[in-house]
Amino acid sequence: MRVLLISPSSLQTGQHIPDVGLGYLASAIRNAGFEVEIFQPQKEFGIAVYRKLQQCHPDVIGLKVVSLEIPAVKKVISWCRELCPDAKVILGGPHISIAPIEMTMTYFDADYCIRGEAEISFPQLIQYLSDQSQTLNGISGLVYRENGTIKENPVSIHSNLDDFDMPAWDLIDPRKYKGGWYFWSPEYPRAPILTSRGCPYQCTFCAQNVVGGKRLRQRSLDNVFSEMELLKEKYGVNNFDFLDDNFLMHRNYVEAFCEGILKRNWKIKWNCCGARMDQMDPSLIRLMDRAGCNIMSIGYESGSQRMLDYMKKDLDLQCALQQTRMINENSSIKIMGLFILGFPNETEKEIQSTIRHALKLPLFMATFFTYLVLPGCEETTKLLESGEISEIPWDQLGIDTHFYSPQGISKRKLKFYYKWAYFRFYSRPIVLLRVMRYSWRKAPWFFNHILHKFSWRTNYAERD
Ligand code: B12
Ligand code: SF4
């Protein structure tokens with residue numbers, strides 16, 4: 001059985017980084033004795049995938065689906081049907097894990113879908129396809145057709161992450177990924193790493209606890225260090241991006257991690273996301289700084305306490321300000337702030353406060369999003385139940401499409417605030433100078449990115 005895994009997850013952002021999710025799956029598939037390849041083209045995704053399907057004739061095509069790439073996924077499936085009519089098309093990934101069941105199979109014309117993490121279930125399904133030695137009803141998270149009806153097996157979450165082999169790095173060689181700017185860091189080669197999965201928080205705009213479960217599962221540090229060692233020695237990686245949703249969740253773990261790096265005398269730089277403000281104090285921050293922490297991305301989300309509470313963000317506005325200052329005073333760690341504009345129930349004044357808040361915080365960089373209606377999130381369910389939106393326009397979800405605006409604020413106005421936020425933040429000479437000094441090699445990319453954010457390009461979703 002030859003398996004081809006395809007990822008369109010970098011199309012919207014242009015941030016081309018190795019898809020570790022597919023890397024984990026490839027390892028598991030290979031360990032089960034099947035041939036596997038990962039295809040994650042950087043440029044001209046459509047043409048590249050079309051050619052790939054023409055050349056290689058896989059028996060199984062596994063496609064990762066994220067909610068913002070639905071049109072791309074549909075197109076790829078239609079090419080699979082045209083160019084590889086005998087291949088089975090299997091879908092998985094965050095969107096499949098949280099989308100309504102009827103959408104998974106029929107909307108996409110898939111043969112099978114797998115919900116949740118698929119390191120165990122995907123190889124079992126391939127085994128079934130190769131010799132029917134499995135039964136379908138025992139495969140966790142599988143969605144399949146039987147006697148004309150769609151059936152769904154319950155998802156089980158594997159608790160010990162050390163049981164999974166590390167991603168098949170030879171198939172997602174970090175040296176080949178130079179196009180993106182994840183965390184805006186210019187150093188290559190760099191590799192994304194996960195030390196944990198799952199999230200116990202309940203932010204109403206996020207479905208992570210549906211995708212990865214409510215319980216935080218952490219890998220042992222020995223397991224993490226052996227992966228880092230492999231990446232350092234075999235691929236020359238000295239820059240790491242920790243993608244965990246809650247990297248700072250357990251203080252002891254972070255401390256032991258930093259001490260492990262210092263003990264090994266590794267001269268590495270690393271970035272982390274999912275940093276919650278309440279977990280930090282000066283001694284931890286200084287330790288992280290010494291151990292090579294370079295950029296920390298923090299979800300501030302809003303400048304209004306009412307909105308933070310409404311989002312169930314569990315964050316105090318004053319604490320956010322004090323802690324950000326504390327990080328700056330105690331370390332050289334750069335902070336990237338993330339903000340949401342136009343959240344349901346938000347007023348124009350609150351949008352303005354969020355922009356002011358972003359300007360007041362001593363941030364290295366800021367990323368603004370307009371609220372995205374994504375499946376599986378509490379807020380989306382509320383919007384649908386209240387009738388504020390009648391359905392999710394799957395084909396229109398995009399980072400810059402501004403499909404939704406809260407009642408009383410037009411989409412044009414929200415788009416204005418989005419552009420204004422970027423303009424206000426990045427038109428400050430000190431901010432521009434800092435970014436340029438940090439990464440002059442990436443200056444053209446940076447200006448292109450920021451100019452794109454400033455430009456008033458009309459698109460179909462913003463009409464009121
Ligand atoms: C890294 C990352 C990115 C990278 C993508 C890089 C890449 N090549 O994957 C970048 C920075 C580009 C990115 C951007 C965005 N992201 Co993002 N991102 C993540 C993050 C933090 C980690 C992904 C990861 O490696 N997970 C770990 C692995 C183990 O899990 P996995 O990839 O999901 O894979 C497992 C299963 O899903 C399944 N699986 C995956 N693929 C397949 C395929 C098949 C065939 C099968 C059977 C199974 C299967 O098995 C895998 C192994 O267990 C996740 C959060 C998270 N913790 O997952 C968010 C996440 C994927 N992102 C999300 C979002 C919303 C975004 C943005 C919209 C953010 C924004 N506003 O800009 C953009 C949109 C990008 C896009 N094109 O859609 C959401 C997706 C929700 C959704 N409905 O699709 C997530 C889940 C975060 C969240 N909490 O909501 N992101
Ligand atoms: S936004 Fe972060 S902290 Fe909140 S639920 Fe999602 S992953 Fe957890």
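Me: Is Asn-265 buried or exposed?

Reply: A residue is called buried if 20 or more other C-beta atoms lie within 10 Å of its own, exposed if 12 or fewer, and partly exposed in between, with C-beta atoms placed from the backbone. Asn-265 has 6 other C-beta atoms within 10 Å, so Asn-265 is exposed. The residue sits in the loop between α9 (251-264) and β12 (269-272). Helices (H or I, at least four residues) and strands (E, at least two) are DSSP runs, numbered from the N terminus. This is a predicted model, in which local features need pLDDT of at least 70 and side-chain atom pairs count only at pLDDT 80 or more, while totals for chains, interfaces and linings use all residues. Residues are numbered from 1 along each chain as its sequence is written, and chains are lettered from A and ligands numbered from 1 in the order in which they are written.

Me: What is the phi of Asn-265?

Reply: Most residues other than glycine have a negative phi, and most peptide bonds are trans. Phi of Asn-265 is positive, near 60 degrees. Asp-314 also has a positive phi, near 60 degrees, and lies in the loop between α11 (305-310) and α12 (317-330). With 13 other C-beta atoms within 10 Å, Asp-314 is partly exposed.

Me: Which residues does a cis peptide bond join?

Reply: Tyr-188 and Pro-189, with omega about -5 degrees. Pro-189 is in the loop between β7 and β8 (190-193).

Me: What is the strand order of the open sheet?

Reply: Two strands pair if DSSP finds at least two bridges between them. Here seven strands run in the order β2-β1-β3-β4-β5-β6-β7, with mixed pairing. β2 (35-39) and β7 (149-152) are the edge strands; each has a single partner, so one side of each lacks a neighbour in the sheet. From one strand to the next the twist averages 25 degrees. β1 and β3 are parallel, paired over four bridges, and Val-3 has Val-60 in β3 as its bridge partner.

Me: Which strands does α6 lie across?

Reply: Axes are lines fitted to C-alpha atoms, for helices over the stretch in contact, and angles run from 0 to 180 degrees between N-to-C directions. Contact needs C-beta atoms, placed from the backbone, within 7 Å. α6 lies across β1, β3, β4, β5 and β6, at about 155 degrees to β5. Its buried residues are Ser-121, Phe-122, Pro-123, Gln-124, Leu-125 and Ile-126. Helix α3 (residues 70-83) lies across β1, β3 and β4, at about 175 degrees to β3.

Me: Which residues come nearest to ligand 1?

Reply: A residue is near a molecule if its C-beta atom, placed from the backbone, lies within 6 Å of it. Of the 48 residues around ligand 1, the nearest are Gly-21, Gly-62, Gly-92, Glu-117 and Gln-208. α1 gives the most to this shell, five residues. At least three residues come from each of domain 1 (2-150) and domain 2 (177-462), with bounds taken from an automatic or database domain assignment. The C-alpha centres of the two domains lie 28 Å apart.

Me: Which residues are around ligand 2?

Reply: Cys-199, Tyr-201, Cys-203, Cys-206, Gln-208, Asn-209, Asp-245, Gly-274 and Gly-299.

Terms used:
Contact = placed C-beta atoms within 7 Å.
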